[in-house]
Amino acid sequence: MSDLFSKNCWYAIGGSTALEAGGVSPARLFGEERVVWRGEDGASHVWQNQCIHRGMRLQYGFVDQNRLSCRYHGWRFGGDGKCANIPAHPDMTPPDDFCVPAYPSAENNGLIWTTTGKPDDSPPDLSGCVNLTFCRSIVIDTNPTEVDKAVSALASSSRVAPGVTAVETSADETIIIAIQPVDGEKTQLHVLTAAADTTAARRRASTWARQFRWQVENVVGAETASQNAA
Ligand code: FES
């Protein structure tokens, strides 16, 4: 993985509006699996994507009010990660160490952030970019270093924070690109628009993202392959 990316930084792993109350979703950061879920109270959580009982991926679980229930044997975990209920032993109070590891997470500027390390500060504050609206996430089959180089090489781009870049599009609109280093071969981009929250602006940002993906996968990827073959 590139040294452009530090594991002690915050990275966006999705849009806040893409995870509704009761939603459960997998995520991957630097090759490490996570489950992201939102309770009915609106609080989001980023945990290890593995049940502490028999290792079932928690991404297949479901939200029961403000608990995440494992799909396999139904153990229910509260927002603090602690097991609150074991259906096979309804009278048992689970010990405190029956707990799913949680990771630092936060939400701001329409994004859900987490880290695989220990950041010194809070997630990037993008409040200087007014009216940010989350548009979409898009996976690129190219490693994060190449994607970051391609974003930085865009004519009208400027770095906002580690892994976060503002880009002026040909439609004279500012979009924000937040890079999620998935693993050594995949990158996810989370795209926000600073234009007024209109369907048209979101559609243009989404089109820009698809075209950028094509460019990176087909042009940058081909150049890298020919350099490696030389
Ligand atoms: S594997 Fe999750 S409850 Fe058994």
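In what order do the 3 strands of the open sheet run? The order is β1-β10-β9, and the pairing is antiparallel. Keep in mind that this is a predicted model.

Start at the edges. β1 and β9 are the edge strands, and each of them pairs on one side only. β9 covers residues 105–108. From one strand to the next, the twist averages 30°.

Now the pairing of β1 itself. Its partner is β10, residues 111–114. The two strands run antiparallel, with 4 bridges between them.

Next, the domains. The domain assignment gives two entries: domain 1 spans 11–114, and domain 2 spans 133–229. Their C-alpha centres lie 29 Å apart.

How many residues of each domain take part in the contact? On the domain 1 side there are 14, and they are in contact with 11 residues of domain 2.

Which strands supply that side of domain 1? β1, residues 11–15, and β2, residues 24–29, each supply at least two residues. β1 gives the most, with 5 residues. By class, the side of domain 1 that touches domain 2 has 7 nonpolar residues, 6 polar and 1 charged.

How values were computed. Residues are numbered from 1 along each chain as its sequence is written. This is a predicted model: local features need pLDDT of at least 70, side-chain atom pairs count only at pLDDT 80 or more; totals for chains, interfaces and linings use all residues. Domain bounds come from an automatic or database domain assignment. Two residues are in contact if their C-beta atoms, placed from the backbone, lie within 7 Å. Ala, Val, Leu, Ile, Met, Phe, Trp, Tyr, Cys and Pro count as nonpolar, Asp, Glu, Lys and Arg as charged, and the others, Gly among them, as polar. Two strands pair if DSSP finds at least two bridges between them. Axes are lines fitted to C-alpha atoms, for helices over the stretch in contact, and angles run from 0 to 180 degrees between N-to-C directions.
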